Amino acid sequence: PRVIEDETAKDLREAVVQGRAALDSIDDARAAIIACYMAMERRLADRGTARGSTETPDELLARAVSSGVVHGAAAGRLTALFYEARFSSHPLGSGQREAASAALDELAGGLAATTGGDPS
């Protein structure tokens with residue numbers, strides 16, 4: 001039903017806003033990307049797609065995509081950036097931060113196209 005889709009889109013829009021806030025307010029690129037991803041994960045959990053204790057972020061994303069909660073490749077790119085930020089030891093910088101921002105912009109654009117609303 002449209003009401004459930006609208007609520008899901010609202011929650012994901014909030015995740016985009018929170019992710020952008022993390023990218024804008026946290027100086028360290030690694031911490032900002034992790035916070036950005038966690039905002040998306042929290043909103044998925046709010047919509048009933050919580051990550052299980054033994055589930056990887058990739059498995060969560062696959063489940064969210066198969067259930068229709070998430071569309072497109074942007075969430076996958078954000079998840080890949082999360083993995084890099086969380087598990088790599090090399091420095092992260094503006095390139096990764098910009099990639100996370102672009103993924104958020106794509107998520108927001110997909111939400112606007114799907115719902116006809118303003119994503120921000």
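Me: At roughly what angle do the axes of helix α2 and helix α4 cross?
Reply: This is a predicted model. Helix α2 covers residues 29–46 and helix α4 covers residues 74–87. Their axes come within 9 Å. The crossing angle is roughly 135°.

Me: Is α2 oblique or roughly antiparallel to α4?
Reply: Roughly antiparallel needs an angle over 145 degrees. The axes of α2 and α4 cross at roughly 135°. So the class for α2 against α4 is oblique.

Me: How many nonpolar residues does the contact of α2 with α4 have?
Reply: By class, one residue is polar and three are charged. The nonpolar count is 11.

Me: Which residues does T79 touch, leaving out residues up to four places away in sequence?
Reply: T79 is placed in helix α4. T79 has a relative accessible area of 0%, so T79 is buried. Its contacts are Y37, M40, P57, D58 and L61.

Me: Which residues in α3 meet α4?
Reply: The axes of α3 and α4 are 10 Å apart, at an angle of about 170°. The cut-off for roughly antiparallel is over 145 degrees, so α3 is roughly antiparallel to α4. On the α4 side, A75, G76, T79, F82 and Y83 take part. On the α3 side, the residues are P57, D58 and L61.

Me: How many polar residues are in the contact of α3 with α4?
Reply: Five residues of this α3 and α4 contact are nonpolar. One is charged. The polar count is two.

Me: At roughly what angle do the axes of α2 and α3 cross?
Reply: The axes of α2 and α3 come within 12 Å. The crossing is left-handed. The angle is roughly 50°.

Me: What class does that angle give α2 against α3?
Reply: Roughly parallel needs an angle under 35 degrees, and roughly perpendicular runs from 65 to 115. The angle for α2 and α3 is roughly 50°. Therefore α2 against α3 is oblique.

Me: Which residues in α3 meet α2?
Reply: The contact of α2 with α3 has five nonpolar residues, no polar and one charged. Y37, E41 and L44 belong to the α2 side. The α3 side is P57, L60 and A64.

Me: Is L60 buried or exposed?
Reply: L60 lies in helix α3, residues 57–66. Among its contacts beyond four places in sequence are Y37, E41 and L44. The relative accessible area of L60 is 1%, against a buried cut-off of under 20%. L60 is therefore buried.

Me: How far apart in space are L60 and A50, C-alpha to C-alpha?
Reply: L60 touches A50, and also T49, R51 and E55 among others. In sequence, L60 and A50 are 10 residues apart. In space, the C-alpha distance is 7.4 Å.

Me: Which residue has a side chain joined to that of E55 by a polar contact of 2.8 Å?
Reply: E55 is found in the loop between α2 and α3. At 14% relative accessibility, E55 is buried. A polar atom of the E55 side chain lies 2.9 Å from the backbone nitrogen of G52. The side-chain partner at 2.8 Å is R63.

Me: Is D27 buried or exposed?
Reply: D27 is in the loop between α1 (2–25) and α2. D27 and G93 are 66 residues apart in sequence and 9.9 Å apart in space, C-alpha to C-alpha. The relative accessible area of D27 is 75%, so D27 is exposed.

Me: What share of the residues of the protein chain counts as buried?
Reply: The chain has five helices and zero strands. Of the contacts with a separation of 6 or more, 63% join residues 24 or more positions apart. Of the 120 residues, the buried share is 39%.

Methods: Residues are numbered from 1 along each chain as its sequence is written. This is a predicted model: local features need pLDDT of at least 70, side-chain atom pairs count only at pLDDT 80 or more; totals for chains, interfaces and linings use all residues. Side-chain values use heavy atoms; hydrogens and water are left out. Axes are lines fitted to C-alpha atoms, for helices over the stretch in contact, and angles run from 0 to 180 degrees between N-to-C directions. Helices (H or I, at least four residues) and strands (E, at least two) are DSSP runs, numbered from the N terminus. Ala, Val, Leu, Ile, Met, Phe, Trp, Tyr, Cys and Pro count as nonpolar, Asp, Glu, Lys and Arg as charged, and the others, Gly among them, as polar. Buried means under 20% relative accessible area, exposed over 50%, partly exposed in between (1.4 Å probe, protein chains only). Contact means heavy atoms within 4.5 Å. A polar contact is a pair of N or O atoms within 3.5 Å; within protein, one must be able to donate a hydrogen and the other to accept it, and residues adjacent in sequence count only if both atoms are side-chain atoms. A crossing is left-handed if the near helix is turned anticlockwise from the far one by less than a right angle, and right-handed if clockwise.
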